[in-house]
Every structure is written in structure tokens, then in C-alpha cells.
Amino acid sequence: MLQDDSSSLYTVAAVERMALICRQFSRTEPELTLLELADRTGIPVLSVAKMIATLGPRHFVRRAGAGARYGLGLAWLAVAEAKRRHFVLRDFVSPLLEAMRSELNETIAFAVHENDQRVVVDTIVSTQPIRRTPTKRPTPLHVGSSGRSMMAQFTDREIAAYLERTELKNIGHDTPTDARIIWDDIKKIRKQGYATAAAEITGESFSASAPVFSYAGTVLGALTITCPLSRLTADLKSACIHVVRTNAAALSYRLGFRPESLKQESGRKPSAAAKVSKGRPAFVPSAPMKPLRAVERALDVLACFDEEHRYLPLRRIVEDTGIHKATAFRFVATMVADDFLSIVAPRGPYALGFFPLRLADIILETNRLRLDALPWMRRISDELNETVVLMVRDGDMLTGVDRVDGHQAIVDSPEIGVPRPLHASPAGRTILGSFDEIDLQGYLSRQKLQGREKDDLVASLRSSRDAAGPDHKASLVRVAPIRQGRDVVGALSVSVPVDRASKQLVARVGRLLQEAAGALDGKNLQPHCENGIALADRSGRARAFSSEVDAGSREENASKQKPRARF
């Protein structure tokens with residue numbers, strides 16, 4: 001089993017506190033006060049206020065509305081997006097398979113489930129003269145130890161539905177064909193944590209499998225050790241079970257699986273201390289809080305990783321942040337322990353961890369605008385085969401929060417989780433185009449736009465007030481602002497490369513975006529507010545691609561679809 005030496009007695013307490021504070025937010029409680037955070041963590045409320053004052057300006061924490069409650073900031077979406085784009089499961093699996101084979105010199109495989117089937121995606125074969133070679137052809141989930149070890153993690157309803165739609169026939173030597181036998185084995189697997197199979201697909205094979213879980217607690221795949229039955233002894237069987245269970249747990253941990261945290265989050269109820277804190281006046285610092293330098297440095301380390309920098313050695317982190325090497329090691333060791341970072345091999349290099357993915361999921365699954373817009377985004381993407389992006393407005397800033405991708409070979413790569421001034425993006429400029437003169441001048445003043453830059457922006461807004469969102473060189477960008485009352489709270493956007501932007505496609509984009517914006521307009525959405533900046537434009541109805549909205553075409557999207565699993 002792979003080990004690393006990232007643990008250290010010399011950790012950074014401020015980074016540990018940052019992780020502890022972030023862990024208090026959940027799907028059931030996405031917003032908390034300073035007093036609630038202090039009561040739950042045991043951290044003095046003044047120290048919590050300093051932490052929030054450090055995370056807030058960099059958008060890792062947001063103020064909820066105009067009150068004294070705080071939630072996770074959209075900047076975690078950018079970190080999670082970088083992790084998702086960099087994530088290659090094989091990078092975690094392949095070294096582990098090598099290590100497992102070196103222990104027993106038997107064939108090792110890793111499989112995933114897809115469309116009711118088990119598919120082997122990586123394998124390493126024993127070097128012994130007589131060895132088992134696993135089949136890579138898709139096999140029904142109920143056949144073999146790897147499929148049933150994954151199947152056992154499904155709900156009873158999901159398993160019953162699978163058995164109802166699947167023909168249980170013998171596809172090998174002695175595969176199970178009785179649903180009662182399969183159910184008995186499922187119960188046994190759930191109890192003991194692993195599955196075994198003998199002479200099912202072939203008459204001369206034994207296998208032992210254990211499930212592998214993702215950071216979100218969903219089953220991701222299964223590790224399997226397989227060998228010929230002729231070589232199987234009681235000792236070898238026991239060793240196979242031990243090795244596969246131990247390494248499946250280790251791989252799950254490296255993939256961000258923390259069962260105790262997930263259990264705590266899913267069943268979390270306000271503590272007695274939290275209930276007491278709700279009855280006390282909100283804590284408001286009497287003076288501006290000085291940022292915590294250690295936390296700023298930790299955020300600087302996270303910022304080193306982006307689309308072009310998937311893995312970084314300690315030396316490169318030192319160069320990019322300016323932190324002394326010994327101090328940098330303490331930071332990365334602490335951040336690995338808290339799963340902000342992960343370590344690829346002993347002594348590095350380092351990569352982003354899985355904790356930011358969990359934080360991003362909390363943000364996405366508790367954002368009302370995103371939950372209402374998601375079914376429309378999927379519909380538009382399915383009809384157009386183009387990428388649809390949802391952006392949320394925070395005062396003078398606009399941030400991409402989620403996207404639904406099409407399947408085109410050439411696509412734009414939208415920024416997620418990166419706040420930009422309204423005038424810095426086509427979607428933002430479309431929103432600015434809906435401002436009246438007073439609001440527009442106020443925005444220009446706050447952004448300190450002067451001279452030619454200001455004149456060019458105003459001229460472009462006036463020329464496109466009744467047109468589509470401004471284009472950039474390679475794409476046509478179409479935008480539909482989403483309103484709540486008089487406020488623009490966000491926007492839906494589709495960017496189509498010029499080469500395939502036919503008149504028919506552009507017209508369909510405009511129609512579908514306008515229909516979605518019309519359906520979302522008027523829902524009881526809460527304007528997103530971060531760092532105390534409220535939405536305050538007094539303009540009339542925002543103009544989108546189409547100059548008019550047919551009120552009769554608005555459809556109320558009452559069904560709430562469950563968000564797709566993300567990794």
C-alpha cells in the first residue's frame with residue numbers, strides 16, 4: 001500500500017482552523033453566524049471573525065444577504081473546477097495495482113459500473129506461469145465479485161429496479177440466476193465489506209473484491225484480486241481479502257472519502273450551543289479585522305494550481321508563493337492532512353485535494369438559482385448540443401457557477417468560480433446594457449473607469465441595448481439575464497464558435513435562452529449578496545437576445561431534478 005511522508009508535527013494551526021470552519025457548512029446548514037461557528041468549533045469568536053475577514057475578500061466566504069450570516073464563497077468553485085479538469089482516476093489506480101501485485105503476485109483489476117454493467121478499466125496481470133486474466137468485456141453487475149461489491153452500495157430500491165429490468169441468465173460457468181441468492185449475497189457483502197466469487201464466469205477462477213468510494217460517498221468502482229482455483233488455499237484466500245479491503249480503503253481515502261465527515265454532515269442537527277447562540281445578539285466586530293497572514297499564504301498555495309499546472313513539486317510552490325522552503329513544507333503538509341491538497345507520491349509532487357470538491361457541491365446544491373436553472377440548462381444543451389453557462393451576480397461582479405456541456409469537438413471553456421466586473425464579460429455587459437443612466441454612471445464611478453475605456457464601454461452598450469450580448473473574436477455569445485423583481489440576479493449564456501453559428505442556430509439559441517429566462521423570472525429567488533454588497537439597479541426589464549418576451553410562452557418549471565453526480 002502506498003504511503004506518504006506528508007505528516008508532520010509542525011503543522012500550521014491557522015490552516016487547520018480554516019478547514020475546521022469550512023467543515024461546519026453543510027447542505028442542511030449552508031449559512032451560519034460568527035457565534036454559531038465559534039460554538040461549533042471551539043474557536044474564539046474574535047478569531048473566527050478574523051478568519052472570515054481573511055477569506056471574504058478573496059471570495060472563499062460570502063455574507064448571506066444583509067444579515068450577519070455567512071456561507072461558502074464562490075471561489076471554491078474555481079478550485080473544484082481545476083481539480084475536476086485535472087483529475088485522472090488512472091493516476092491513482094495504476095500505482096496501487098502495482099503495489100498490490102507485489103504483495104501477492106496475483107492478477108489485480110479495477111472496474112467501474114456503467115449502464116448496469118461492470119467494466120474493467122485497468123488491470124495488471126500476475127507473473128506466475130498459471131494466472132488469471134480478467135475479461136474486459138462489459139459484464140452484468142450481478143455477475144462476479146466486483147460487480148456485486150459495487151451493487152451492494154446501491155439502495156434497495158435501485159437494486160430491485162436493476163433485478164427487474166435485467167434478465168438473470170447464466171452467461172458463464174455458474175453465474176447466479178436466482179434473485180433471492182443475489183439478495184442474500186448483497187446483504188452479506190454489506191455486512192462484511194467485501195465480496196467473493198468462485199467459478200462464476202469461468203470454472204477455474206476465484207476473486208475477492210472491495211468497493212472504492214469517491215469524496216461524495218458514492219461508489220466509484222471496485223478493486224479485485226483474482227487467481228486460479230487450483231492455487232487457492234485458505235491462507236491465500238484470507239490474504240486476498242485482507243489486501244483488497246485494505247487497499248480499497250486506502251484508495252477511497254486518497255480520493256477524498258471521509259465517511260465520518262459525510263455521516264456527520266448528513267445527520268447534522270443544530271447543537272445545544274448553536275441553539276443558545278441563536279438567542280444571542282449577532283457578534284459584530286468593533287473594528288476592521290486584520291487578515292491572517294497564514295491563511296492568505298494557504299490560499300496563495302491553492303492559487304498555484306490551475307488548468308496548466310496539474311502537479312507541482314515543493315520547489316515550484318516555493319517559487320510561486322515566495323514562502324521559505326521549510327515553511328512551505330509545513331503548509332503543504334497541513335493542507336494534505338486536511339485534504340486541500342493531495343500528494344501523488346512520497347515527497348511529492350502535490351495536486352489539489354478533494355475537500356474543495358465537497359465544498360463546491362454544498363454551494364451548488366444549496367444555490368436556489370442554480371437548482372431552478374439546471375433543468376433549463378440541460379434542456380438547452382440537449383437541444384443545441386452546446387455548452388450552457390449559469391452566472392450569478394454579486395453587486396458589480398458576475399461569477400460563473402455551473403455549466404452543462406454539449407458534445408462538440410470545439411467548445412469554449414468558460415470560467416467557473418472566478419468573479420469578474422460586469423464590463424469584463426459579454427454576459428456582464430449585457431446586464432450593464434439594462435441599467436438606466438443613473439445606475440450606469442454609478443457603476444462606472446465605482447469601477448473608476450475613465451477616459452477612452454469609459455467612452456468605448458458606454459458607446460458599445462448604447463449600440464447593443466436591443467441586440468445580443470457582445471461577441472468576442474472566435475465566438476458569438478448570447479445572453480439572457482435572469483431577474484428577481486427589479487434586480488438582475490444572474491444570467492444564462494451560450495457561446496457558439498463562429499464557424500458553426502448559422503442563422504438558424506443563433507435564432508434557436510436566442511429563443512431557448514429567452515424562454516428559460518422568462519420561466520425563471522418571477523421565481524422567489526434570493527439575490528446573491530457577498531461581502532455586504534446588495535443589488536441595487538433600478539432599471540426596467542433586462543433586454544436579452546430577443547427584444548420582447550412573450551409572457552404567454554413562460555413555463556413554470558415546478559419539478560426539481562436531482563443534480564447530476566459530479567466528480
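Two strands count as paired if DSSP finds at least two bridges between them. I kept that in mind while reading this predicted model.

**Entry: a strand pair.** I looked up strand β12, residues 388–394, and strand β16, residues 487–497. Five bridges join them, and they run antiparallel.

Entry: Which order do the strands of the open sheet have? I read β14-β13-β12-β16-β15, five strands with antiparallel pairing. Next I checked the edges. β14 (420–421) and β15 (475–484) stand there, and each has a single partner strand, so one side of each is left without a neighbour in the sheet.

**Entry: a helix across the sheet.** I followed helix α16, residues 368–384. This helix lies across β12, β13 (397–404), β15 and β16. I noted its angle to β12 as about 155 degrees.

**Entry: positive phi.** Most residues other than glycine have a negative phi. I looked up two residues with a positive one.

A199 is not a glycine, yet its phi is about 55 degrees. I located A199 in the loop between β7 (195–198) and β8 (206–213). Is A199 buried or exposed? Buried means under 20% relative accessible area. A199 has 14%, so I put it down as buried.

D339 is also a residue other than glycine, and its phi is near 70 degrees. I found D339 in the loop between α14 (325–337) and β10 (341–343). Its relative accessibility is 7%, so D339 counts as buried.

Technical notes. Residues are numbered from 1 along each chain as its sequence is written. This is a predicted model: local features need pLDDT of at least 70, side-chain atom pairs count only at pLDDT 80 or more; totals for chains, interfaces and linings use all residues. Side-chain values use heavy atoms; hydrogens and water are left out. Helices (H or I, at least four residues) and strands (E, at least two) are DSSP runs, numbered from the N terminus. Contact means heavy atoms within 4.5 Å. Axes are lines fitted to C-alpha atoms, for helices over the stretch in contact, and angles run from 0 to 180 degrees between N-to-C directions. Buried means under 20% relative accessible area, exposed over 50%, partly exposed in between (1.4 Å probe, protein chains only).
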